[in-house]
Amino acid sequence: MPLFAYQVLTATGDERSGQLQADNVNQVAQKLRDQGLRVLNIAERRQRGFLGEESFADWYATQRSVSNDALIFFYRQMAFMLRAGLPLAECLDLSKNQIENPRLNYVVRKMHRDIQAGKSLSDALRKHEDIFTNIAINLVVAGENTGELDAIMERLAVHLEKKSQLRKQMINAMIYPVIVVLAAIGVATFMVVAIIPKFADFLQGQGKPLPESTQTLIDTAAFLRENGLVIIGIAIATIILMLISNRTYKGRRVFDRLLLEVPVFGRMNIFGSMAQFTWAMSILLRSGITIFDALKITSELIVNKTYADKMLKASESVFAGKDLSGSVAHPKMPPLVIQMIAIGERTGSLDQILQEMGIYYQSLLEIAIKRLTAMIEPVMILVIGGMVGFVYYAFFQALFALAGG
């Protein structure tokens, strides 16, 4: 149970201080008032750990990550309690008892103390920018100004759900192809290392010339066995260089621009980026954020740097007085998005149109993923079947040549 230090005035006007254990500040204040004391100040006494945190458990909690699911639960819980009319401090006090994630639990406890100290929720969130994104902080500021903090919490939960869903869809789209490619590499390696060498020893032991297809198969397998480590080393080095380059701003821009040109995967990346862009803009504009600020915030959310850079430049164009549709125009921006934004600007329903566009592009992404999954399976079957089939063809062609000789 937390320990609180207090300062009070007695009925005779004397100042007194002391310590008291209780669940929260309100409980301490009530106990003191019940004794006929006038409360001057109450502060929680926190024991500092060896690394400057309140305890080893709190220090360990700061080393943990916070999942999207934990944040979604927190936002939904806050939205429910705020709609029920509970004060913000009480909402956080109740919330910290329900959150299982250690890091988020620790953060909510610190936010609760900040609110009790008279700070706003947005100020409390800014202390934990590694947990709460820029969009969350700006939306909370808008909610505090409009008095719609409960609606903001609900929108943040919806935004994270959509973001998490898009991310999972993109990951799922990549998992199956990677597994199938690894299976194909495994089959090829097994044939090169275990099957073809025995096949070659048998045929070459006959002392007769081999058909061209058979000799090609044997020579290729021998080359791969002799240079396999070099090939693997080059592949690993290439992957490492790509990962290092992808961590730099220029490298990431080049990689993301090239990714948009890749057949199938490029379209999926466009659909995903448009879903992110339209969903985020819709939520921000509906919450009272200006288009200029909304574009800047959205530029931090979009994964693909081609679109992220464009959103940042678009914010500057909007600030200079240009309309949104013209500001976001780009060779890789779908014409439909630009046209619908122009309609939304003319009709005053931009946030609603952007929301509908988000739904539309998310459905396109889901369809593209299903098509990719359906297309990859027969293609990889043909590739693996072709490799095995060529081995059989070369084998039987050699046998027929030996039998005919």
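**Terms and Values in a Predicted Model**

Student: Arginine 126 touches Ile137 and Val141, with residues up to four places away in sequence not counted. What makes such a pair a contact?

Tutor: Contact means that heavy atoms lie within 4.5 Å. Residues are numbered from 1 along each chain as its sequence is written, and side-chain values use heavy atoms, with hydrogens and water left out.

Student: How far is arginine 126 from isoleucine 137 in sequence and in space?

Tutor: The two are 11 residues apart in sequence, and their C-alpha atoms are 6.8 Å apart.

Student: Why is arginine 126 called partly exposed?

Tutor: Buried means under 20% relative accessible area, exposed means over 50%, and partly exposed is in between (1.4 Å probe, protein chains only). Arginine 126 has a relative accessible area of 39%, and is therefore partly exposed.

Student: In which helix is arginine 126 found, and how is a helix defined?

Tutor: Arginine 126 belongs to α6, residues 121-126. Helices (H or I, at least four residues) and strands (E, at least two) are DSSP runs, numbered from the N terminus.

Student: How do you know that threonine 278 is buried?

Tutor: Its relative accessible area is 0%, so threonine 278 counts as buried. This residue lies in α11, and it touches Leu354, Met357 and Gly358, leaving out residues up to four places away in sequence.

Student: Which polar contacts does the side chain of threonine 278 make, and what makes them polar contacts?

Tutor: A polar contact is a pair of N or O atoms within 3.5 Å; within protein, one must be able to donate a hydrogen and the other to accept it, and residues adjacent in sequence count only if both atoms are side-chain atoms. The side chain of threonine 278 reaches the backbone oxygen of alanine 275 at 3.4 Å.

Student: Why is methionine 81 called buried?

Tutor: Methionine 81 has 7% relative accessibility, so it counts as buried. It sits in helix α3 and touches Leu86, Cys91, Leu94 and Ser95, residues up to four places away being left out. The C-alpha atoms of methionine 81 and cysteine 91 are separated by 6.1 Å, and the two residues are 10 apart along the chain.

Student: How do you know that valine 107 is buried?

Tutor: Its relative accessibility is 2%, so valine 107 counts as buried. Valine 107 lies in helix α5. Apart from neighbours within four places in sequence, it is in contact with His128, Ile131 and Phe132.

Student: At what angle do α3 and α5 pack, and how is that angle defined?

Tutor: Helix α3 (residues 68-83) and helix α5 (residues 102-116) pack at about 35°, with their axes 11 Å apart. Axes are lines fitted to C-alpha atoms, for helices over the stretch in contact, and angles run from 0 to 180 degrees between N-to-C directions.

Student: Which residues meet there, and of what class are they?

Tutor: Ala70, Leu71 and Phe74 in α3 meet Leu104, Val108 and Met111 in α5. By class, this contact of α3 with α5 has 6 nonpolar, no polar and no charged residues. Ala, Val, Leu, Ile, Met, Phe, Trp, Tyr, Cys and Pro count as nonpolar, Asp, Glu, Lys and Arg as charged, and the others, Gly among them, as polar.

Student: What makes a space a cavity or a pocket?

Tutor: On a 1 Å grid over the protein atoms alone, a cavity is a set of points where a 1.4 Å probe fits but cannot get out. A pocket is an open set with protein on both sides within 12 Å along at least five of seven lines, and lining residues have an atom within 4 Å of a point. Grid points are joined across faces, edges and corners, and a volume is the space filled by probe spheres set on the points.

Student: What volume does the largest cavity have, and which residues line it?

Tutor: The volume is about 90 Å³, and the lining includes His159, Lys162, Trp279 and Leu301. These lining residues divide into 5 nonpolar, 2 polar and 2 charged.

Student: What is the volume of the second largest pocket, and which helix gives the largest share of its lining?

Tutor: That pocket has a volume of about 550 Å³, and the largest share, 12 residues, comes from α9.

Terms used:
This is a predicted model: local features need pLDDT of at least 70, side-chain atom pairs count only at pLDDT 80 or more; totals for chains, interfaces and linings use all residues.
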